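Open the model in a viewer and keep the selection panel at hand. The stops below each give something to select and say what is there.

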Amino acid sequence: MVNDNDSTRSVNWVDYDSDGDADIFVTNEAYQHERLYRNNGDETFTSITDNALVNDGGSTMSSSWGDIDNDGDLDVFLANDQGNDALFRNDGDNVFTKLSIDIVCNNGGNSFGSNFADIDNDGDIDLFVTNAFWGGPWNNFLYLNDGSGLFSVVTSDVTNTDLGWSFGNAFGDYDKDGDMYLLVANCYGAAQNNALYKSETTGNNWLIVDCTGMVSNKSAIGVIVKVKAMINGEAVWQMRDISAQSGYCGQNMLPVHFGLGDATIVDSIIIQWPSGIVDEFEAVYAGQYLKVTEGETVTGIAEFTGAGFNLSITPNPTSSSVTLTYHLIKSENVRLELFDSAGNRVTNFEIKDTLVGNNFFEIDRNKLLLANGNYFLVLKTNSGYGLVKINFMK
């Protein structure tokens, strides 16, 4: 990887093969091929060289990943300068198919930035692309998804009014009403104003899921969120990955947004955390800004088992102190971190040279002045980690 000498413009961490770890995708200028590196899970990577995605040879400025056809894996858009862009469908097993007949691949342009978002809340992700740099002012591109991963051009103020040079862009919902906002970074003549747009209300329903990591990173980077709902009488699964960046100079909003069409209830939500923890929710009403903390749906004893030890906590729920039991197969240092339900760390403990076998640790609620509610206790060692939820009641 570090010996590939290319004119690299951007990079994505993305789990393209859905195996639970982050792979690396690199875009290159100068009509060089892109680079795809599969994570082997042991701190090594394998360069993938035998699929259409890495043999297309466009002058690629950046990329955006998203599930355009709602089939449960991440497809990818390539923003190319001085020519057509490219859109590849992920068919699994390291196979990517270029959607050559789609308008996205035949609309010309001089593209830099891109982002997917469901701007009409109909249950599939749409695409925005910025154009810039060469010659005079450019139009940007906005495409609507028909639900199968095929796109059509949208003519609107977003594409026809604010001409110029546009680079970065970001979707978000800053007033939490389910309608997407689009911020476009412009720089024509070094004096062009930026632009802010709001999607037109369609009457379709929506859901926003805001994830907070506990064992995983607090920003929940790398999390996969899947949502199932009955849209127009059909069961539809949608999937989002939480990442920090999309496209050139672009940014994703970390809370993930789902359009739900006419669905008023989400049948199922599955949240897959980088730690391996999976949270599941059922029968969630639409129109919510749903905040989820890693391990929130884990209850009872032996909630989550890390590498090399088992966890249990008793009594639970409790009105006073609790005792954590953990089993080690080798002697090592242990760190305990206690978080509240909002993901704020309350306190931590360091336990040196813990012995092989069962070990016990008491947490005194009164000494820590803990209010009623749910807390999360994370245990970390060099061998792995685990998480249990504690319910302190009156």
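Start at Lys176, which counts as partly exposed because its relative accessibility is 47%. The model is a predicted one. Lys176 sits in the loop between strand 13 (166-172) and strand 14, and its phi is near 55°, a positive value in a residue other than glycine.

Next select Ala220, in the loop between strand 16 (205-212) and strand 17. Phi is again positive in a residue other than glycine, here near 70°. Is Ala220 buried or exposed? Ala220 is buried, as its relative accessible area is 0% and the limit for buried is under 20%.

**Two cis peptide bonds**

Move to the loop between strand 23 (311-314) and strand 24 (322-328), where Pro315 is found. The peptide bond from Thr314 to Pro315 is cis, with omega near -15°. Pro317 is found in the loop between strand 23 and strand 24 as well; a cis peptide bond joins Asn316 to Pro317, with omega about 10°.

**A buried asparagine**

Select Asn359 in strand 27 (residues 357-363). Asn359 has a relative accessible area of 12%, so it is buried. Its side chain reaches the backbone oxygen of Gly357 at 3.0 Å. Show the surroundings too: leaving aside neighbours within four places in sequence, Asn359 is in contact with Leu324, Thr325, Tyr326, Leu328 and Thr354.

**Aromatic pairs**

The structure holds 15 aromatic pairs. One of them is formed by Tyr16 and Phe96, with 6.1 Å from centre to centre and 35° between the planes, a tilted arrangement. This pair links distant parts of the chain: Tyr16 is in the loop between strand 1 and strand 2 (23-28), Phe96 is in strand 8 (residues 95-98), and they are 80 residues apart. Tyr16 is buried at a relative accessible area of 2%, and Phe96 is buried at 4%.

Now select Phe133 and Trp134. Their ring centres are 5.0 Å apart and the planes stand at 80°, so this pair is edge-to-face. Phe133 is partly exposed, with a relative accessible area of 40%, and Trp134 counts as partly exposed at 40% relative accessibility.

**The pockets**

The largest pocket has a volume of about 980 Å³. Which residues lie nearest the centre of the largest pocket? They are Ile224, Arg240, Asp241, Ile242 and Ser243, out of a lining of 49 residues. Colour the elements that give two or more residues to this lining: strand 1 (8-14), strand 5 (60-66), strand 9 (111-117), strand 17 (224-231), strand 18 (234-241) and strand 19 (256-261). By type, the lining divides into 24 nonpolar, 17 polar and eight charged residues.

The second largest pocket has a volume of about 380 Å³. Its lining has 17 residues, and Leu142, Val158, Lys198, Ser199 and Glu200 lie nearest the centre. At least two lining residues each come from strand 11 (141-145), helix 1 (157-160), strand 14 (181-186) and strand 15 (195-198). Colouring by residue type shows 10 nonpolar, three polar and four charged residues in the lining of the second largest pocket.

Conventions:
Residues numbered from 1 in each chain as written. Heavy atoms only, no water. 1 Å grid on protein atoms, 1.4 Å probe; cavity = no way out; pocket = protein on both sides within 12 Å on 5 of 7 lines; lining within 4 Å. Points joined across faces, edges and corners; volume = space filled by probe spheres on them. Helix = DSSP H or I, 4+ residues; strand = E, 2+ residues; numbered from the N terminus. Nonpolar A, V, L, I, M, F, W, Y, C, P; charged D, E, K, R; others polar. Buried < 20%, exposed > 50% of the residue type's maximum accessible area, 1.4 Å probe, protein only. Polar contact = N/O pair within 3.5 Å; in protein donor to acceptor, adjacent residues only side chain to side chain. Contact = heavy atoms within 4.5 Å. Phe/Tyr/Trp six-rings, centres within 6.5 Å; stacked < 30°, edge-to-face > 60°.
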